[in-house]
Protein chains: 2
Amino acid sequence: MIVFLNGQFVPEEEAVVSVFDRGFLYGDGLFETMRIFRGRPFRWAAHMERLERGAEFLRIAPPIHAEALRAAADELVARNQMQEALLRLTLSRGVGPRGYSPAGAVHPTLAMSLHPAPLTDRRNPPRWRLVTASFRLPANEPIAQFKTCNKLPQILARAQADVAGADEALLLNTDGFVVEASSSNLFWIDDEGVATAPLPSGVLAGVTRGVVWEICGGLGLAVREACVTPEQLRLPRGVFLSLSSVGVAEAVSLDGHDLSLSPNVDRIRDGYDTLTSAESL
Amino acid sequence: MIVFLNGQFVPEEEAVVSVFDRGFLYGDGLFETMRIFRGRPFRWAAHMERLERGAEFLRIAPPIHAEALRAAADELVARNQMQEALLRLTLSRGVGPRGYSPAGAVHPTLAMSLHPAPLTDRRNPPRWRLVTASFRLPANEPIAQFKTCNKLPQILARAQADVAGADEALLLNTDGFVVEASSSNLFWIDDEGVATAPLPSGVLAGVTRGVVWEICGGLGLAVREACVTPEQLRLPRGVFLSLSSVGVAEAVSLDGHDLSLSPNVDRIRDGYDTLTSAESL
């Protein structure tokens, strides 16, 4: 496996950073994970737009121009001969003086690597069991909008799902409302249409969340933002998750309670598959 | 500079971790920073106790026994000939399968490094200007008790202090109460004695916080836990911060408002200096 690190293509064993990199010390960085279909990153521009907004928020200057970064991503795919993959991009603040102040850390680290894409089978689409995690995200915090390298709440939530034998964990915010799942955004379907949690509640603005929103529009399904508790989430006609790696996954149970299944979830997933196929031609 | 990394003493340039280390990917780890006085770590046992509780909480098995770790710390001090220093210890979950689930990541990374101690002058003790940061910590979250490698709220808070020309930033929790400063615990003095924020409010249980509590007891000053807003914090007779690197720092202003100074802060700082001298003999 070849990794792109700070402008160089290096073997995996040489893809290392200093123990003084602030990414390692404090999680002081951002990342993106995107799906490569037929050798091309899906919705590259949307991922880059989020990365750039995050970098501006954290005041980390990306060390490479957008066009050169895209060229490097394409070369990474070619060198590794992985046409179907996940691309992980990490941008950390790099090494700086000791302490939390970012002042003086002016050489960011940028790494890109490829990973096998999860196997999906259209005849046997993902159906996930969910549990509500005990860890909560702060409501109304701007940091949550960005895909930062501070992921312990998500990791601990996911570990709770593992222990419960579930596939994904829901995270609540400090107001008690469902925000998202550990690595996916949440949608539910009711009489009014499709709903998802509002961004200020602590939602990471997922690229696939935006794609699902588009697809629902195309299918004539109204999408709105709303706050619900985990108990209220047992009532809708269908619940599903969106994530770059898998696309759309229907939720079949929450905290041991069966959820209703909806043919609309199948329509949305079909829409996602059609879109990804069309854009990667 | 020599760094201790996964059982080896290596030159700083060779102190590197994989870009796939979960510490770098997600901030999936813990750390401790402790003061070395006359070649000996101050309150080593208290730092180790917090590290062990955090490792149990995150389910990261430390790769080295407590006695061997202490021996390594002593050897690190000796090899670097730094009798007055800060020791940073990082324990990350290491490399594992892709994704948030910690399952399968079974080779943690452990690094220790030394850094110059901040210069302090007893005749000219630290007097810090504070600002209230806009970033908030989730109230009543157990993760906050541990010194994890998820430090973006503290980094962004500290950056706001830098921009304001201040020395430290106060962080509020989602209930609107003052929790702590970016890298220090907060105390204030009023008619009832000395007060500090309660642990459940989101406080990192600082080792120096515990030491200050002891010292106040020895001086006959009652210590209690209480919640205050930043506005209420302008009223007390004295406000100070506690941190391993510096000990006790008096706060002279908050958000541009002068704070009252208290001779009791000088007594507590003298108590801290006496204690550290006695324990490092």
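## Helix H6 of chain B

H6(B) has 17 residues and spans 25 Å from its first C-alpha to its last, close to the 24 Å expected at 1.5 Å a residue. The expected span is 1.5 Å times one less than the number of residues. Helices (H or I, at least four residues) and strands (E, at least two) are DSSP runs, numbered from the N terminus.

This is a predicted model: local features need pLDDT of at least 70, side-chain atom pairs count only at pLDDT 80 or more, and totals for chains, interfaces and linings use all residues. Residues are numbered from 1 along each chain as its sequence is written, chains are lettered from A and ligands numbered from 1 in the order in which they are written, and side-chain values use heavy atoms, with hydrogens and water left out.

## Buried face and start

Buried residues (under 20% relative accessible area, 1.4 Å probe, protein chains only) of H6(B) include B:Val265, B:Ile268, B:Tyr272 and B:Leu275. Their cover includes helix H5 (207-218) and strand E15 (247-254) of chain B.

At the start of H6(B), a side-chain oxygen of B:Ser262 comes within 3.0 Å of the backbone nitrogen of B:Asn264.

## B:Leu261

B:Leu261 lies in the loop between strand E16 (257-258) and helix H6 (263-279) of chain B. Its relative accessibility is 48%, so B:Leu261 counts as partly exposed (between 20% and 50%).

Beyond four places in sequence, B:Leu261 contacts (heavy atoms within 4.5 Å) B:Arg127, B:Arg237, B:Glu250, B:Ala251 and B:Val252. B:Arg237 is 24 residues away in sequence, yet 6.2 Å away C-alpha to C-alpha.

Definitions and conventions:
Polar contact = N/O pair within 3.5 Å; in protein donor to acceptor, adjacent residues only side chain to side chain.
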